[in-house]
Amino acid sequence: MIALTDDDITDAILHLPTLPSIVIELIHTLDIDDVDTNTLAHKISQDQALTAKVLGLANSSFYGMQSHVGSIPHAVSVLGFNSVRALVTATVLVQTLSSDPSSGLDYTEFWKHAIATALSARTIAKYIGLNPDHAFIVGLLHNVGRLVLATYSPVRYQEVLRWRSSNNTDLSTAEVQILGIDQKTVGRAVLKHWKFPPSIVDTLNTSNENFINEHQRAASLAAVADAIAYGLDVSAAEHDRVPVISSADWELLKLQEPALIAIFNTIETQFKEACMILGASPNK
Amino acid sequence: MTAGTAIKEIALDDALPGMILADPILDKSGARLMAPGVALTEKSITALKQRGVPQINVVQPATDEVQHQFREHVLERLDVLFQSSQHSEPNRFLLDCLRRYRAKETP
């Protein structure tokens with residue numbers, strides 16, 4: 001095995017598509033309390049395709065709104081800026097990081113799983129008293145390092161996929177085995193590159209690091225959300241396997257069966273619609 | 001989607017009042033016209049025709065036999081998904097909850 005080096009990772013990250021300026025601005029506001037939401041709402045509104053998708057989500061089973069949300073400023077006033085920011089960020093990321101046929105990674109499966117993890121994280125957050133919009137972004141980006149690994153070295157990524165199916169393991173284990181790196185380590189570098197605040201970046205800690213940081217609950221939440229999304233089989237890929245949930249992550253959340261059942265239900269209710277609106281389900 | 005039911009795509013011209021939608025119906029901009037699980041009415045079918053919706057997905061109730069097979073299949077798939085993580089206690093608990101969740105699903 002030849003492990004990927006830090007230079008390889010840096011190089012791979014530089015090859016990522018540039019994020020649209022509106023998202024860079026929104027990311028910048030993530031840890032800031034005093035945000036000029038009117039100006040940002042106005043900027044979002046200028047992109048009509050983006051606005052249509054965000055309003056589609058705002059009017060979906062996601063929020064269960066009684067009245068129709070008709071504009072971005074309206075969405076900000078009824079759902080809050082945090083929610084709108086999460087929806088815009090998600091919409092743009094799915095759109096910007098879509099389809100690289102050479103990578104060998106099935107992007108539709110990837111995003112279906114990411115969306116389910118985001119929904120799962122958002123729902124769990126409500127049970128344990130964390131910010132659901134923040135959790136949504138954390139869940140969506142939980143496996144983003146995987147995209148970088150797959151696009152940077154398509155040939156070696158094929159090897160990862162082969163090793164996974166012949167050894168019957170989850171994908172992260174296969175990545176570590178073949179590429180010598182955990183996709184979360186790569187994900188952290190990606191999120192730093194996009195200037196996500198530590199409250200997001202630090203949720204991508206790897207199990208063998210065992211470091212406890214102030215964002216540990218959000219990190220554990222993301223790990224459990226990821227496992228639940230695999231357990232619900234939303235991406236339904238033949239070789240999908242549920243990754244091992246560490247006892248430390250599990251105990252931190254203290255989720256009991258009734259809460260889990262309600263969480264399963266919510267994810268399944270919202271999933272299809274979210275995928276359709278975000279464009280992650282091309283007739284599949 | 002509930003267990004043991006099949007989804008069938010039909011032309012809107014073949015839609016009948018009382019049929020249950022399997023998927024949300026969205027217009028071109030992604031705005032939702034109708035939610036899944038809702039029963040069609042004469043009025044809603046006419047409205048969808050006016051909107052130019054060509055076909056829709058509806059739920060077809062399944063026979064007991066099909067439901068049984070479906071459930072068996074779902075439970076087998078759960079075992080496969082958890083194959084490589086059964087040694088972990090949280091995973092076993094999650095698997096048990098998912099089994100009970102799937103078993104309770106009613107058409």
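Is B:Arg102 buried or exposed, and what is its relative accessibility? At 10% relative accessibility, B:Arg102 counts as buried, where buried means under 20% relative accessible area, exposed over 50% and partly exposed in between, computed with a 1.4 Å probe on protein chains only. The model described here is predicted, so that local features need pLDDT of at least 70 and side-chain atom pairs count only at pLDDT 80 or more, while totals for chains, interfaces and linings use all residues. Residues are numbered from 1 along each chain as its sequence is written, chains are lettered from A and ligands numbered from 1 in the order in which they are written, and side-chain values use heavy atoms, with hydrogens and water left out.

The interface between the two chains is considered next. In chain A, 37 residues are in contact with 27 residues of chain B, contact meaning heavy atoms within 4.5 Å. About 2,600 Å² is buried between chain A and chain B, 58% of it on carbon and sulfur atoms; buried area is the accessible area (1.4 Å probe) that two parts lose on being put together, summed over both. Five salt bridges are counted between chain A and chain B, a salt bridge being a side-chain nitrogen of Lys or Arg within 4 Å of a carboxyl oxygen of Asp or Glu.

One of these links is formed by B:Arg102 and A:Glu268, whose closest N and O atoms are 3.0 Å apart. This pair crosses between chains, from helix α3 (residues 89-104) of chain B, which holds B:Arg102, to helix α16 (residues 257-278) of chain A, which holds A:Glu268. Helices are DSSP runs (H or I, at least four residues), as are strands (E, at least two), and they are numbered from the N terminus. In contrast to the buried B:Arg102, A:Glu268 counts as partly exposed at 23% relative accessibility.

A:Asp233 and B:Arg77 also form a salt bridge, with 2.7 Å between the closest N and O atoms. Because A:Asp233 lies in the loop between α14 and α15 of chain A and B:Arg77 in helix α2 (residues 64-81) of chain B, the pair joins two chains. Both A:Asp233 and B:Arg77 are buried. A further salt bridge brings together the side chains of B:Arg32 and A:Glu273 (2.9 Å, N to O).

Over all chains, the structure holds 10 salt bridges. Among them is the pair of A:Lys43 and A:Glu25, with the closest N and O atoms 2.9 Å apart. A:Lys43 lies in helix α3 (residues 37-45) of chain A and A:Glu25 in helix α2 (residues 21-28) of chain A, so the pair ties together parts that are 18 residues apart in sequence. A:Lys43 is partly exposed, with a relative accessible area of 35%, and A:Glu25 is partly exposed at 29%.

A:Asp249, found in helix α15 (residues 247-253) of chain A, is buried yet has no salt bridge. The nearest side chain of opposite charge, A:Lys184, is 5.9 Å away from A:Asp249; Lys and Arg count as positive and Asp and Glu as negative, and His and the chain ends are not counted. With its neighbours within four places in sequence left aside, A:Asp249 is in contact with A:Gln216, A:Ser220, A:Ala223 and A:Val224.

Aromatic pairs were also examined. Rings of Phe, Tyr and Trp (its six-membered ring) pair if their centres lie within 6.5 Å, and planes under 30 degrees apart count as stacked, over 60 as edge-to-face and the rest as tilted. By this rule there are five aromatic pairs over all chains. A:Phe62 and A:Phe136 form an edge-to-face pair, 5.8 Å centre to centre with 85° between the planes. As A:Phe62 lies in the loop between α4 (48-58) and α5 (72-79) of chain A and A:Phe136 in helix α8 (residues 132-140) of chain A, the pair ties together parts that are 74 residues apart in sequence. A:Phe62 is buried at 5% relative accessible area, and A:Phe136 is buried at 4%. A:Phe110 and A:Trp111 form another edge-to-face pair, 5.1 Å centre to centre with 85° between the planes, and both residues are buried.

A:Phe62, A:Tyr63 and A:Phe136 form one aromatic cluster. A:Arg122 lies over the face of A:Phe62, 4.8 Å from the ring centre, and its charged end sits over the ring of A:Tyr63, 4.9 Å from the centre. A charge sits over a ring if NZ of Lys or CZ of Arg is within 6 Å of the ring centre and within 35 degrees of the ring normal.
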